[in-house]
Amino acid sequence: MKNIVLIGFMGVGKGSVAREVSKHSEYIAIDTDDLIESMENRKIKEIFAEDGEKYFRKLEKNIAKWLQKSVQNTLISTGGGFYKQENLKKIGTIVLLDSPFDAIITRIKEHPNAAKKLKKRPLLADLKAAKKLYDARRPEYLELADIVIDVTDKSAKECSKELLKKVKKYV
Ligand code: S3P
């Protein structure tokens, strides 16, 4: 099995879909933000506040190199900006979770943990800036993706079923 790399904008549900996929397949799920937080022993929010985004991107780059060299047969969910890694395609099959910006924000706001979800993502603090970032990134996400899953109005379980079906062609 090749790795599966989940990409997509903040709040689109990469973590929830990853958990569903690993529940219903042999894939073990790991997450680049979780790896960074445990490596640094602090939260993403603190890394941004204390050392800035540039430092965070350096950590993502180190993780990307390690994934390519050392990780196989794994489902890797990534932070929304991780797709910029130049070796992304060498890590595995790229699956984009896609949704319109407004649907993503509604989804976050309707979540029981909405405040926490917004607070932990420094780049969502300003919604106007976040929309700009979304507009700039979306064509790049689409360009990189081997598989696109429209997650709008679908449960994580439905998305995971669709993913496992579509990914068969690539393993
Ligand atoms: C980021 C997304 C976040 C996290 C960091 C930066 C981004 O992950 O990596 O706050 O640049 O889009 P999620 O996509 O899991 O929110």
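Before the details, a word on conventions: the model is predicted, local features need pLDDT of at least 70, side-chain atom pairs count only at pLDDT 80 or more, and totals for chains, interfaces and linings use all residues. Residues are numbered from 1 along each chain as its sequence is written, and side-chain values use heavy atoms, with hydrogens and water left out.

Buried here means under 20% relative accessible area, exposed means over 50%, and partly exposed is in between, with a 1.4 Å probe and protein chains only, while the arc is that of the directions from the helix axis to the C-beta atoms.

An α-helix has 3.6 residues a turn, so residues three or four places apart point the same way. In this pair, however, Lys23 is exposed, with a relative accessible area of 60%, whereas Glu20 counts as buried at 14% relative accessibility.

The structure holds 13 salt bridges, and I will pick out a few others. In helix α8, Lys166 forms a salt bridge with Glu162, the closest N and O atoms being 2.9 Å apart; these two are four residues apart, again about one helical turn, and Lys166 is partly exposed at 36% relative accessible area. A salt bridge also joins Lys89 to Asp146, with 3.1 Å between the closest N and O atoms. Because Lys89 lies in helix α4 (residues 88-91) and Asp146 in the loop between α7 (127-144) and β5 (147-150), this pair ties together parts that are 57 residues apart in sequence. Lys89 counts as partly exposed at 42% relative accessibility, and Asp146 likewise at 29%. Finally, Glu40, Arg42, Glu50 and Asp51 are linked in a network of salt bridges.

Turning to the aromatic residues, rings of Phe, Tyr and Trp (its six-membered ring) pair if their centres lie within 6.5 Å, with planes under 30 degrees apart counted as stacked, over 60 as edge-to-face and the rest as tilted. By this rule the count comes to five aromatic pairs. One of them, Phe9 with Phe101, is edge-to-face, at 6.2 Å centre to centre and 65° between the planes. Phe9 lies in the loop between β1 and α1 and Phe101 in helix α5 (residues 101-110), so the pair ties together parts that are 92 residues apart in sequence.

On a 1 Å grid over the protein atoms alone, a cavity is a set of points where a 1.4 Å probe fits but cannot get out, and a pocket is an open set with protein on both sides within 12 Å along at least five of seven lines, while lining residues have an atom within 4 Å of a point. Grid points are joined across faces, edges and corners, and a volume is the space filled by probe spheres set on the points.

The structure holds one cavity of 30 Å³ or more, with about 40 Å³ of space in the largest cavity. Its lining includes Phe9 and Tyr134, along with Leu96, Leu97 and Arg138, and β4 and α7 each supply at least two lining residues.

The largest pocket, by contrast, has a volume of about 1100 Å³ and is lined by 40 residues, of which Asp31, Asp33, Lys117, Lys120 and Arg121 lie nearest its centre. Helix α3 gives the most to this lining, with seven residues.

Key
A salt bridge is a side-chain nitrogen of Lys or Arg within 4 Å of a carboxyl oxygen of Asp or Glu.
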